[in-house]
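Biologist: Can you walk me through this model? Start with whatever I need to know to read the ring contacts.

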Amino acid sequence: MANTLQRIIYHGSNAVPLLLMTALVWIIQYKTWLVPCILIAFSILVTVMFAICFTYGKTHCSIKIINVTTISSKDAWLVAYVVAYLFPFAYMVMSDFNVVSLIVAILMVILVFIPSIMALPNILLFAIGYHFYEIGTESTGISDYLLISKRKRIRNKTDIKNVMRVFEKLLIDTKEEE
């Protein structure tokens, strides 16, 4: 199972497109390069760390056999990310943008995500072909596991037998796309 640093990297990697969009807007609006270069470098660092952690997790997590009772796609949740990634363009119409309020809002989000036991879809994994499913299991009675899978469509709950547990409620499908 992943440690706290890996949880931070997993959740933090969802901010990579937002950081890149912010860098783009900064270049367009302020015509300076220091802040965008820092944001781009940080995005690259987080993406590389995420790739290392995810690859390590896929090869080192133990495989568990589960009996799935319910399954539903969670790919639609990623639409909310796309809307959020357009937020930096709001800076262009706000003449009174306050960096302090943005930092406070980001810290509040971090304080909610890190200790929580929820698992959210990851936009970077979606970009490289993974899909997300919410599943329920028979043995635990938990109905909100998030399953990461390379399979585009899983319609039959009996198709999922073996998974790897990454976090409390985050699982990786061991079966590749058919």
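Modeller: Rings of Phe, Tyr and Trp (its six-membered ring) pair if their centres lie within 6.5 Å; planes under 30 degrees apart count as stacked, over 60 as edge-to-face and the rest as tilted. This is a predicted model: local features need pLDDT of at least 70, side-chain atom pairs count only at pLDDT 80 or more, and totals for chains, interfaces and linings use all residues. Residues are numbered from 1 along each chain as its sequence is written, and side-chain values use heavy atoms, with hydrogens and water left out.

Biologist: How many aromatic pairs does the structure hold?

Modeller: Five. One of them joins Phe50 and Phe54.

Biologist: What are the distance and angle for Phe50 and Phe54?

Modeller: Centre to centre, 5.9 Å; between the planes, 25 degrees. That pair is stacked. Phe50 and Phe54 are four residues apart in helix α3, so about one helical turn separates them. Helices here are DSSP runs (H or I, at least four residues), strands likewise (E, at least two), numbered from the N terminus.

Biologist: OK, helix packing. At what angle do α2 and α3 pack?

Modeller: About 165 degrees, with the axes 9 Å apart. Axes are lines fitted to C-alpha atoms, for helices over the stretch in contact, and angles run from 0 to 180 degrees between N-to-C directions. α2 is therefore roughly antiparallel to α3. The cut-offs: under 35 degrees is roughly parallel, over 145 roughly antiparallel, 65 to 115 roughly perpendicular, the rest oblique.

Biologist: Which residues of α2 and α3 make the contact?

Modeller: From α2, they include Leu19, Leu20, Trp26 and Ile27. From α3, Leu39, Ile40, Phe42 and Val46 are among them. Contact means heavy atoms within 4.5 Å.

Biologist: And by class, what does the contact of α2 with α3 have?

Modeller: Twelve nonpolar, three polar and no charged residues. Ala, Val, Leu, Ile, Met, Phe, Trp, Tyr, Cys and Pro count as nonpolar, Asp, Glu, Lys and Arg as charged, and the others, Gly among them, as polar.

Biologist: What about α1 on α3, what angle there?

Modeller: About 120 degrees, again with axes 9 Å apart. That makes α1 oblique to α3. Gln6, Ile9, Tyr10 and Gly12 in α1 meet Val46, Met49, Phe50, Cys53 and Tyr56 in α3.

Biologist: Switching to the sheet. What is the strand order?

Modeller: β1-β5-β6-β4-β3-β2, an open sheet of six strands with mixed pairing. Two strands pair if DSSP finds at least two bridges between them. β1 (63–65) and β2 (68–73) are the edge strands.

Biologist: How many bridges join β3 to β4?

Modeller: Five, and those strands run antiparallel. Ile135 has Tyr145 in β4 as its bridge partner.

Biologist: Which strands does α1 lie across?

Modeller: β3, β4, β5 and β6. α1 runs at about 100 degrees to β5.
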